[in-house]
Amino acid sequence: MPTPSELVREAFLATAAEARGLIAERAVAARWREPSALAELDVGAVAGHLARAAFVVTTYLDAADTGDTADTADTGSEGGEGADDDLVTADAYFERVIAAAGASADDMHAGIRARAAEEAADGQEALLARLDATLQALDARLASEPAERTVTVALGITMPLDEYLVTRMIELVVHSDDLAASAGLETPEFDALTMACVIGCMLAMVRARNGDLAVMRGFARRERDAVSALRAF
């Protein structure tokens, strides 16, 4: 029977493969330089941002192995392992990133857009070639990493590798939806484990942020939902 760690890693790879298939669609190539469903990003940049969800996993694993500083995160980062004694969960990671953005959110989003455009600059085929190589390497690498492996990611946050993979699954699912909407395609149907990880993380975020009563009202009594309690981002 697969361990919980093995299941998360398999779900991440399956999610990334679904996203890769979406990026490869002809409709995406045809609209590569056209505006997307996201403000200030063209379709190619959305594809580039989507692919980065896989690229950064390799970057942080490499940084932890060498002790080097990784400089590719969307909100700033420091590579390495064990930089923080308190390991962070996936939901707490997003809350820290949101809080850290604060008044500088515009600058943060400008940086995200710039990196996304850079990934897309050479076109669909080049992006796919890099993504294919990354996913092939990660398939073998994730199978060999111990369950207790940690990575240090954006803002110097140290977290279990598997918790970080949950954050990347959220990026892959949410931005696959954005890319599909931008290209006039159906959003991929991700497997049940992937969606359980994604929705579970978002639910943990909104419960911590708004409290269980507000979340219950968001589900069952929308007329009393004064804070949009189910909105994670």
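**Charged side chains in the predicted model**

Glu40 is exposed, with a relative accessible area of 65% (buried means under 20%, exposed over 50%, partly exposed in between; 1.4 Å probe, protein chains only). The structure is a predicted model, in which local features need pLDDT of at least 70, side-chain atom pairs count only at pLDDT 80 or more, and totals for chains, interfaces and linings use all residues. Residues are numbered from 1 along each chain as its sequence is written, and side-chain values use heavy atoms, with hydrogens and water left out.

A search of the whole structure finds 12 salt bridges, each defined as a side-chain nitrogen of Lys or Arg within 4 Å of a carboxyl oxygen of Asp or Glu. One of them joins Glu40 to Arg113, with the closest N and O atoms 3.5 Å apart. This pair links distant parts of the chain, 73 residues apart: Glu40 lies in the loop between helix H2 (26-30) and helix H3 (43-66), and Arg113 in helix H5 (residues 105-120). Helices are DSSP runs (H or I, at least four residues), numbered from the N terminus. Arg113 is partly exposed, at 22%.

In a salt bridge between Arg141 and Asp62, the closest N and O atoms are 2.5 Å apart. Arg141 belongs to helix H6 (residues 124-144) and Asp62 to helix H3, 79 residues apart. Arg141 is buried, with a relative accessible area of 19%, whereas Asp62 is partly exposed at 36%.

Arg130 forms a salt bridge with Glu119, the closest N and O atoms lying 2.7 Å apart. The partners are in helix H6 and helix H5 respectively. Arg130 is partly exposed at 41%, and Glu119 is buried at 16%.

Note on methods:
Helix = DSSP H or I, 4+ residues; strand = E, 2+ residues; numbered from the N terminus.
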